[in-house]
Amino acid sequence: MTKKSSADYQREYRRRLRDQGLVKKEVWILPNNSRLLHEVEKELRTPVSGIESESSFIQLSDTTGGKAVASENRNSWTVESLYMALLERPAFSNGSCSIEVIEGLESSIVITMHEHGDLPIFISSGSEQMLVEAVLFSAEDIKDTAKFNEYVLKTHKYLPLSTISLDTDDLHGDYYHMFGALSSASSINEILLEINTLADNVIQATEAFANFLKFEIAS
């Protein structure tokens, strides 16, 4: 089976946005304002009535008096305990994303981000570190890997909380991945932020790296 790349999810993501009646607008900002722009963009996708979208993934926690209640659970997560905790979050009950456990020598969690074109996010947790990652594209999809690698090293800091690596898959060969690492004792809110940020960054990175790809990404 052919392994899908971030470009496939990017195309599906854009198609779904167009189906919602949304239009693309180009803006110019300072690099350190990228995160702020993304939050404003989310607000501008909401109808003028100002009703907050119930499908928004980043509903990080219960609230009291409008302030987020931080998790006090600082024990290291196992795959099983994290899976059960995530199931209780609104995004999984309202259909914004799906979740399942992949059994194996080292079990992991896969989250399908339906609002990001069904992008799969993989989570693995060890005794000290948790990894949240997603596939970008195959090394074979890159026109000039040397120039691309140099560009990634110079620009990846503009994608908050995420890093890009080149990994070898025994079945599919060399693939670029985007990942975030955090403590296995992180709060559920911190983990949710990492997941949501990674999904956003995969979509943005695919567009930012379009000139290096051998194929075109539909606008």
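First, the ground rules. The model is predicted, so to speak of local features we need pLDDT of at least 70, and side-chain atom pairs count only at pLDDT 80 or more, while totals for chains, interfaces and linings use all residues. Residues are numbered from 1 along each chain as its sequence is written, and side-chain values use heavy atoms, with hydrogens and water left out.

Now the overall layout. The chain has 6 helices and 8 strands. Helices here are DSSP runs of H or I with at least four residues, strands are runs of E with at least two, and both are numbered from the N terminus. Along the sequence the pattern reads α-α-β-β-α-α-β-β-β-β-α-β-β-α. The chain has 219 residues, and 37% of them count as buried. Buried means under 20% relative accessible area, exposed means over 50%, and partly exposed lies in between, using a 1.4 Å probe and protein chains only. Next, contacts, meaning heavy atoms within 4.5 Å. Take those between residues at least 6 apart in sequence: 66% of them join residues at least 24 apart.

On to a helix pair. Two packed helices are described by the angle between their axes and the distance between the axes. Helix α3 covers residues 79–87, and helix α6 covers residues 188–208. They pack at an angle of about 80 degrees, with axes 11 Å apart. That makes α3 roughly perpendicular to α6. For the cut-offs: under 35 degrees is roughly parallel, over 145 roughly antiparallel, 65 to 115 roughly perpendicular, and the rest oblique. The axes are lines fitted to C-alpha atoms, for helices over the stretch in contact, and angles run from 0 to 180 degrees between N-to-C directions. Which residues make the contact? From α3 come Leu-82, Ala-85 and Leu-86; from α6 come Ile-188, Ile-191 and Leu-192. The contact divides into 6 nonpolar residues, no polar and no charged. Nonpolar here covers Ala, Val, Leu, Ile, Met, Phe, Trp, Tyr, Cys and Pro; charged covers Asp, Glu, Lys and Arg; the others, Gly among them, are polar.

Ser-165 sits in β7, residues 163–169. Ser-165 counts as buried, at 18% relative accessibility. Beyond four places in sequence, Ser-165 touches Tyr-175, Tyr-176, His-177 and Phe-179. Its side chain also makes a polar contact of 3.0 Å with the side chain of Asp-167. A polar contact is a pair of N or O atoms within 3.5 Å; within protein, one must be able to donate a hydrogen and the other to accept it, and residues adjacent in sequence count only if both atoms are side-chain atoms.

The side chain of His-177 joins that of Asp-167 in a polar contact of 3.3 Å. His-177 is in strand β8. It is buried, at 11% relative accessibility. The His-177 side chain also reaches the backbone oxygen of Tyr-175 at 3.4 Å.

Phe-179 is in β8 too, within residues 173–183. Residues up to four places away aside, Phe-179 touches several others, including Leu-131, Val-132, Leu-161, Ile-164 and Leu-198. Phe-179 and Glu-194 are 15 residues apart in sequence, with 9.3 Å between their C-alpha atoms.

Now the aromatics. Rings of Phe, Tyr and Trp (its six-membered ring) pair if their centres lie within 6.5 Å; planes under 30 degrees apart are stacked, over 60 edge-to-face, and the rest tilted. The count comes to 8 aromatic pairs. Phe-148 and Phe-209 are edge-to-face, 5.1 Å centre to centre, with 85 degrees between the planes. Phe-148 is in helix α5, residues 145–155, and Phe-209 is in the segment after α6, 61 residues apart. Are they buried or exposed? Phe-148 is buried at 0%, and Phe-209 is buried at 3%.

Tyr-151 and Phe-212 make a tilted pair, at 5.0 Å and 40 degrees. Tyr-151 is partly exposed at 32%, whereas Phe-212 is buried at 17%. One aromatic cluster takes in Phe-137, Phe-148, Tyr-151, Tyr-176, Phe-209 and Phe-212.

Last stop: Asp-118. It lies in the loop between β4 (108–113) and β5 (119–125). Asp-118 has a positive phi of about 65 degrees, although it is not a glycine. It is partly exposed, at 26%.
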